[in-house]
Amino acid sequence: MNTEIYDVIVVGAGHAGCEAAAAAANMGSKTLLITMNMQTIGQMSCNPAMGGIAKGQIVREIDALGGYSGIVSDDSAIQFKMLNISKGPAMWSPRSQNDRMNFSLEWRYRLEKIENLDFFQDMVSSLILKKTKVAGVITSLGIKIKSKSVILTNGTFLNGLIHVGEKQVRGGRMGEPGTRGITEQLISLGFIVGRMKTGTPPRIDGRSLDYTKMEEQKGDENPGTFSYMASKTLKKQKSCFITYTNEEVHETLRSSFDKSPMFNGTIKSLGPRYCPSIEDKVYRFAERTRHQLFVEPEGWNTVEVYLNGFSSSLPEDIQIKALKKIQGFKNVKVFRPGYAIEYDYFPPTQLSSTLETKIIENLFFAGQINGTTGYEEAAGQGIIAGINAHQKIHGKEKFILGRDEAYIGVLIDDLITKGTEEPYRMFTSRAEYRLLLRQDNADIRLTEKSNRIGLASDKRLKKVEEKVKKSDELIDFLKNYSIKPKVINPILSKNKSNLVDQSYKASQFITRPNIKIETLVEIPEIREKIKKYTTEIREQAEINIKYKGYIEKEKENINRLKKTEKIKIPKDFNYSKINSLSTEAKEKLENLRPETLAQASRISGVNPADISILRIYIAKQ
């Protein structure tokens with residue numbers, strides 16, 4: 001740490017903080033990353049994995065923008081799988097199992113190589129303000145550090161309270177203290193605060209498990225990577241395993257519901273609906289006789305195992321008693337019991353689309369402080385906050401991703417427009433243009449935008465341009481190459497596709513459900529022509545041919561939407577003077593202050609008639 005004034009201070013070194021600090025510093029801002037513990041930078045506080053359905057798309061988008069989550073995941077991976085491969089390409093989602101310790105080490109190693117980035121170990125207790133503008137932070141040691149902007153990425157540490165049965169411990173993670181002071185100061189400034197809850201399962205000694213009684217889950221035969229740039233491809237992989245709860249497990253858990261803070265009223269805040277605790281699952285789905293559990297290794301050189309699906313806040317003796325009744329867990333030994341944690345968050349409707357707060361200028365929020373759950377959601381917010389903090393203090397244009405441009409755009413728009421009262425998790429169903437927002441084309445969608453503002457490198461952009469060029473070349477070839485019936489019919493027959501009685505272009509066959517570019521490799525005359533392109537190029541060409549009609553339809557819908565996205569609403573717009581607006585619409589619009597007409601249309605309680613009225617009044621102004 002220097003005594004100079006920093007451009008950007010990032011508070012917290014979790015996934016959001018790491019991406020925010022890296023982005024701001026790589027763009028040229030003098031940046032300081034403050035963390036309570038230098039040994040836990042980029043810590044995987046919960047499961048040792050990155051990506052998954054919709055989340056994998058976010059990691060690819062971060063990588064395309066020039067962030068580090070994808071590269072760090074690749075370099076610390078112990079297994080890689082592409083999920084949903086049997087479905088359409090909009091659903092394909094990369095996921096890696098990671099070495100928990102290596103993941104954190106890789107993050108620290110990469111951050112320490114950034115020239116403009118300094119580090120300081122301490123707890124931030126309050127902000128320095130100049131009227132309604134942030135001017136730095138004050139640490140628990142009373143050290144004042146000045147800056148032009150501040151990004152808060154406090155995770156679960158704001159007034160964190162850990163629950164194990166009827167026991168309560170103050171902390172942000174097991175064994176780590178929580179943060180005091182920031183919440184109270186923000187409330188005094190007019191911020192609205194809420195409480196959320198999340199949980200984590202017990203950590204298991206893998207030596208005590210009988211894996212022969214579980215289902216092995218291997219990684220992909222040809223494992224891929226998250227990063228579009230050159231990164232490590234796995235030569236060997238570690239398997240995960242699947243086991244299940246049973247009625248005996250459920251009965252053991254039910255017998256102690258009265259000791260669960262989830263049921264006895266101790267925890268009043270909401271947890272993630274889509275990742276409930278095991279006791280919550282047993283209670284809510286009483287008709288189910290078993291629940292799936294994933295036994296996930298924590299790394300290459302450890303016996304520690306993460307039991308995904310068994311998040312619990314029951315007393316530790318009940319957790320162990322129930323665990324012993326799971327198939328393969330008869331002799332289980334526990335390193336650490338599961339626990340629930342309650343923490344403060346700030347409803348994200350108090351933010352603008354850049355993640356800057358509406359009340360305090362140059363103050364940004366990213367990650368769980370905004371009510372989200374998951375490493376990927378946090379990291380996606382972090383990179384956008386880091387970019388915009390840099391842009392703001394240097395007088396440059398805002399960097400905003402639309403719902404049609406990225407899952408990150410959907411995430412942020414959902415948060416600032418709709419808010420959230422339970423931990424927000426990304427799903428493919430949240431994105432109305434998911435066929436365009438695929439994991440395979442995140443680089444094509446985002447790298448040029450990021451390069452323009454100085455984050456994504458020229459080398460990265462050149463690679464994207466080469467990918468587009470070669471994909472177009474292959475599509476061109478397939479559109480112009482005719483295949484005769486006697487050549488294609490044996491292949492069609494083998495793939496249970498209708499035979500033809502005349503020649504057709506190769507691309508026309510690829511539009512059929514059972515026919516892929518790889519299928520056409522069987523034809524000797526065009527085998528070498530196709531095989532000279534990489535798997536990535538062939539995949540890109542195939543998707544663009546096979547789903548051309550759907551893609552064009554989505555683009556038409558986007559063009560219609562953009563007409564309302566371009567209609568800006570003045571900051572000082574007085575909704576109360578428009579008598580024809582519904583009372584609910586006036587209240588919501590005054591409170592949320594949408595930036596565009598399209599954003600206003602996505603607010604619950606604002607109906608199409610209200611939007612039509614607004615459009616007329618804005619046009620008059």
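1. Asn246 caps the N-terminal end of helix α6, with a side-chain oxygen 3.0 Å from the backbone nitrogen of Glu248. Helices are DSSP runs (H or I, at least four residues), numbered from the N terminus. This is a predicted model, in which local features need pLDDT of at least 70 and side-chain atom pairs count only at pLDDT 80 or more, while totals for chains, interfaces and linings use all residues. Residues are numbered from 1 along each chain as its sequence is written, and side-chain values use heavy atoms, with hydrogens and water left out.

2. In α6 (residues 247-254), Val249, His250, Thr252 and Leu253 are buried, meaning under 20% relative accessible area (1.4 Å probe, protein chains only). Seen down the axis, these buried residues fall within an arc of 160 degrees (taken from the directions from the axis to the C-beta atoms), so they line one face of α6. They pack against α7 (278-284) and α8 (316-323).

3. The largest nonpolar core has 89 residues, and Leu111, Leu152 and Leu363 have the most contacts inside it. Such a core is a set of buried Ala, Val, Leu, Ile, Met, Phe, Trp, Tyr and Cys residues joined through side-chain atoms within 4.5 Å. A second, separate core of 23 residues includes Ile483 and Val521.

4. Which residues does Lys236 or Arg290 lie over? Lys236 lies over the face of Trp300, 4.9 Å from the ring centre. Arg290 lies over the face of Tyr244, at 3.7 Å from the ring centre. The criterion is NZ of Lys or CZ of Arg within 6 Å of the ring centre and within 35 degrees of the ring normal.

Methods. Buried means under 20% relative accessible area, exposed over 50%, partly exposed in between (1.4 Å probe, protein chains only). Helices (H or I, at least four residues) and strands (E, at least two) are DSSP runs, numbered from the N terminus. Contact means heavy atoms within 4.5 Å. A polar contact is a pair of N or O atoms within 3.5 Å; within protein, one must be able to donate a hydrogen and the other to accept it, and residues adjacent in sequence count only if both atoms are side-chain atoms.
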